[in-house]
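I opened the model to look up a few points and wrote them down as I went. The entries follow in the order of looking.

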Amino acid sequence: MILTGKGDHPLNLIEIATDIDLRATYGLKDGDTIEITVEESDSVSTEYLDLYDQNRNPLGRTVARGTPIGQNEYIVAVGIWVINDRNEILVTRRALTKRFMPGKWENPAGHVMAGEAPTEAIIRELHEETGLAATPESIHFLGTATVWPYFGDNYCVRLNADISEVVLCEGETIDAKWVSIDAFERMAETGEMASSVIEHMDAYRDAFYRAVGR
């Protein structure tokens, strides 16, 4: 499928759809003619998410990922804090081509798919984003940050791995490292961490600090 034309596909809409900053990456400006080629693949399928009301009661409906939802409708995501036996925290760096917070450091995270348990989502997302394998026994709940349209369930995963074992996700992450809690706090203070990650921690900060031995 090929999309072309001036004004038919505004840059801001294309940037949202592709998560690429076209202005910075390719030097484009509003009004430029662009051509987008989308390669279709049988292996790509639509992902569906369960919908909940503001009290987290299931609405009995699903929505395709990326579809706008109502003001009183919510979906569930998981935040994954991987912590090793030295109480170091695994953080990954967002690709510079990401539209939102490019180059910022964060923890692995993702949506809970329709019919999927949070533990299943954590194991799947962690493997997709880092190549690391978690077990159900290594997963511990920290707390929920509710910011529309998300119920953000955050978990600690106890896991030891050399940083060389982390597999970066092309187009998503460009680096990964283990950091101490002191280094993590410095990164938060200097703005290296994604601001949303730090802001949402208010809902489970005490549990997070206990998980890292503070």
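Entry 1, a tryptophan. I listed what Trp-105 touches, leaving aside its neighbours within four places in sequence; contact here means heavy atoms within 4.5 Å. The list holds Val-91, Thr-92, Arg-93, Asp-175, Ala-176, Lys-177, Met-187, Glu-192, Met-193 and Ala-194. This is a predicted model, in which local features need pLDDT of at least 70 and side-chain atom pairs count only at pLDDT 80 or more, while totals for chains, interfaces and linings use all residues. Residues are numbered from 1 along each chain as its sequence is written, and side-chain values use heavy atoms, with hydrogens and water left out.

I placed Trp-105 in strand β7, residues 105-106. Strands (E, at least two residues) and helices (H or I, at least four) are DSSP runs, numbered from the N terminus. Trp-105 has a relative accessible area of 7% and is buried. For burial I used a 1.4 Å probe and protein chains only: buried is under 20% relative accessible area, exposed is over 50%, and partly exposed is in between. I also took the C-alpha to C-alpha distance from Trp-105 to Ala-95, which is 9.6 Å for two residues ten apart in sequence.

How many of the residues of strand β5 are buried? I found nine of the nine, over residues 75-83, so the strand is largely enclosed by the rest of the structure. I then checked the two faces separately. On one side Ile-75, Ala-77, Gly-79, Trp-81 and Ile-83 are buried, and on the other Val-76, Val-78, Ile-80 and Val-82 are buried too, which leaves both faces covered.

Next I looked up the pairing, where two strands pair if DSSP finds at least two bridges between them. β5 runs parallel to strand β10 (residues 150-158), and nine bridges join them. Ala-77 has Gly-152 as its bridge partner in β10. With strand β8 (residues 109-111) the pairing of β5 is antiparallel, over three bridges. There I noted Ala-109 of β8 as the bridge partner of Gly-79.

I counted a side-chain nitrogen of Lys or Arg within 4 Å of a carboxyl oxygen of Asp or Glu. The structure holds twelve such salt bridges. One of them joins the side chains of Glu-73 and Arg-61, at 2.7 Å from N to O. Glu-73 sits in the loop between β4 (58-64) and β5, and Arg-61 in strand β4, so the pair ties together parts that are twelve residues apart in sequence. Glu-73 is buried at 16% relative accessibility, and Arg-61 is partly exposed at 42%.

I looked at two further pairs. Arg-86 and Glu-88 meet at 3.0 Å, N to O, and Arg-86 is exposed, with a relative accessible area of 60%. Asp-202 and Arg-205 meet at 2.6 Å, N to O. Of these, Asp-202 is exposed at 59% and Arg-205 is partly exposed at 26%. I also noted a network, in which salt bridges that share partners join Glu-116, Arg-124, Glu-125 and Glu-128.
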